[in-house]
Amino acid sequence: MSRTEPSAAPATPGRVRRLFDEVRPAVIAAKRRRPANGSRPGPWRRGPVLTVCALLLGLLLPLHGTLTDRAGLGSLVETFLPWFGLLVPVLLAGALLRRSAAALVALLLPVTMWLHLFGGLLGDRSQAGGDLTVVSHNVAAENRDPAGTARELAASGADLLALEELTDRARGTYEKALAKAYPHHVVRGTVGLWSRLPLSDTRSVDVLRGMAGPLAETVRPEDMPVEPPRALRTTVATEKGPLAVYVAHLGSVRVTAGSGFWTDSRDAGATKLAAAVAAGHDKRVLVLGDFNGTMDDRAFDGLTSRLRSAQEVAGAGFGFSWPASFPVARIDQILVRGVEPRSAWLLPATGSDHLPVAARISW
């Protein structure tokens, strides 16, 4: 009679649970223990994507001018350039979550570059004094209360008041409402200047792009529509000498599916306005208006190379002026040459989608 081996104990649920409980601590410890081959990256090797993003952001801020402007990409980035600083806390949160030392160190580059470009705009740079108060405001063609807007602007105490986007319908309202406070005024097309001081040598300035492209080739010059002027130049007689004043409303920009961020009209106007200012050879110059772009935009290099922004020199903060309901960009400008900005600020909202911008200047 043969002998048989004893059969193995059956794998009951209780036995399986006991085996699992015995093995579980060892499994957890193995997971926590760093393998000898270094397969789990250390803090300097974690978050490579975050590190690269931080470095790219740090390079974008000072080198934005090298971006291609194909489909308006460069202008679009430059319009909202200060807002790119909001990416820093996002990347910081990611770096802390991933415990990435490399990403944290890389973030020093965009922080340093942002502070270099915009840190000086965070404080109040205004000073007391000044000889003239100037205000510029796009009053908006669709403004439902031009009389109220005129009263609010007159109450600002401005010596010079530049208005853009005037319509034929509203022009008389502004002239009547501002007549008492401003005995001198000139209007050319859709822009005007109201002044407490005498004006002379007023003329229109061509900042229009005109017709271009295939359509222009099929239309005779005499049949092309005539647009009203969108800029003027005049001379203000002050106690300290003449002051050349330009009021301009440059072409609109828009985002389209076919061309991206379309800025052709505005860019052409900026080039023409810069050429007009350069050709004037005036010692003291004031340029006011709605530029439909910020001073970081490369389209305005011809102006920023000759003029200074009153907001950047003597304002408080960024001075965002558009849209009035939640301003995200300063597209309304006060630029100067030969005079010193003492302070710059925003006025309360009117019936327009732009906020009025103001500055006080001195000789």
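## Packing of helix 2 and helix 6

In this predicted model, the axes of helix 2, which spans residues 48–60, and helix 6, which spans residues 108–118, cross at roughly 20°. Because angles under 35 degrees count as roughly parallel, helix 2 and helix 6 are described as roughly parallel to each other. Two packed helices are described by the angle between their axes and also by the distance between the axes. For helix 2 and helix 6, the axes come within 7 Å, and the crossing in which helix 2 passes helix 6 is left-handed.

On the side of helix 2, the residues that take part in the contact are Ala54, Leu55, Leu57, Gly58 and Leu59, and they meet Leu109, Pro110 and Met113 in helix 6. Sorted by class, this contact of helix 2 with helix 6 comprises seven nonpolar residues and one polar residue, with no charged residues.

## The protein as a whole

The protein contains 12 helices and 14 strands, and 44% of its 363 residues count as buried. Its accessible surface amounts to about 19300 Å², and carbon and sulfur atoms account for 59% of that surface.

When contacts between residues at least 6 apart in sequence are considered, 72% of them join residues that are at least 24 apart.

## Val135 in strand 1

Val135 belongs to strand 1, which covers residues 132–138. Its relative accessible area is 1%, and because buried means under 20% relative accessible area, Val135 is classed as buried.

Leaving aside residues up to four places away in sequence, Val135 touches Leu153, Ser156, Ala158, Leu160, Leu161 and Ala162, and also Leu347, Pro356, Val357 and Ala358. Gly157 lies 22 residues from Val135 in sequence, and the C-alpha atoms of Val135 and Gly157 are 9.2 Å apart in space.

## His64 in a loop

His64 is placed in the loop that runs between helix 2 and helix 3, the latter being residues 73–79. Although His64 sits in a loop, this residue is buried, with a relative accessible area of 14%.

The residues that His64 touches, again not counting those up to four places away in sequence, are Glu78, Leu81, Asp296 and Arg298. Of these, Glu78 falls within the range of helix 3.

Terms used
Residues are numbered from 1 along each chain as its sequence is written. This is a predicted model: local features need pLDDT of at least 70, side-chain atom pairs count only at pLDDT 80 or more; totals for chains, interfaces and linings use all residues. Side-chain values use heavy atoms; hydrogens and water are left out. Axes are lines fitted to C-alpha atoms, for helices over the stretch in contact, and angles run from 0 to 180 degrees between N-to-C directions. Helices (H or I, at least four residues) and strands (E, at least two) are DSSP runs, numbered from the N terminus. Angles under 35 degrees count as roughly parallel, over 145 as roughly antiparallel, 65 to 115 as roughly perpendicular and the rest as oblique. A crossing is left-handed if the near helix is turned anticlockwise from the far one by less than a right angle, and right-handed if clockwise. Contact means heavy atoms within 4.5 Å. Ala, Val, Leu, Ile, Met, Phe, Trp, Tyr, Cys and Pro count as nonpolar, Asp, Glu, Lys and Arg as charged, and the others, Gly among them, as polar. Buried means under 20% relative accessible area, exposed over 50%, partly exposed in between (1.4 Å probe, protein chains only). Accessible areas come from the Shrake-Rupley method with a 1.4 Å probe; for residues, only the protein chains shown count as cover.
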